[in-house]
Amino acid sequence: MKLIILAVILLFLAVVMLGIKVLFVKGAKFPSGHISDSEAMRSRGIGCAAHSNKERNININNLRRNPEINS
């Protein structure tokens, strides 16, 4: 039981420490974890997989609707 209480306290402290700026600075927010918001990833040409899949599906659907584009 003591181990569970200790784990909960440590987890709570970790969350508070991660959010200290967000909790105490007016207008602060957590940094974006989205891959397309990372300048380093953009410079390497790496993008969001969901966005890439959406674009690919749109292109495939356009080709299916207009087969003369493919010829």
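Entry 1, the fold. I read along the sequence and found the pattern α-α-α-α-α. The chain has five helices and zero strands; helices (H or I, at least four residues) and strands (E, at least two) are DSSP runs, numbered from the N terminus.

I am looking at a predicted model, where local features need pLDDT of at least 70 and side-chain atom pairs count only at pLDDT 80 or more, while totals for chains, interfaces and linings use all residues. Residues are numbered from 1 along each chain as its sequence is written, and side-chain values use heavy atoms, leaving out hydrogens and water.

I checked pLDDT, the predictor's confidence in each residue, from 0 to 100. The chain averages 82, and 93% of the residues score at least 70. Among the elements, helix 1 has the highest mean pLDDT (93) and helix 5 (residues 67-70) the lowest (63).

I noted a radius of gyration of 22 Å, whereas a compact globule of 71 residues would have one near 11 Å. That radius is taken over C-alpha atoms, and the globule rule is 2.2 Å times the number of residues to the power 0.38. The C-alpha trace spans about 70 × 35 × 25 Å along its principal axes.

How many of the 71 residues count as buried? I found 3%, where buried means under 20% relative accessible area, exposed over 50% and partly exposed in between (1.4 Å probe, protein chains only). Gly 19 is buried, with a relative accessible area of 4%. I placed Gly 19 in the loop between helix 1 and helix 2. Gly 19 and His 34 lie 15 residues apart in sequence and 18 Å apart in space, C-alpha to C-alpha.

Why does helix 1 lie largely in the open? Of its 17 residues, the number buried is zero, so helix 1 does lie largely in the open. Ile 4 is found in helix 1 (residues 2-18). I logged Ile 4 as exposed because its relative accessibility is 54%.
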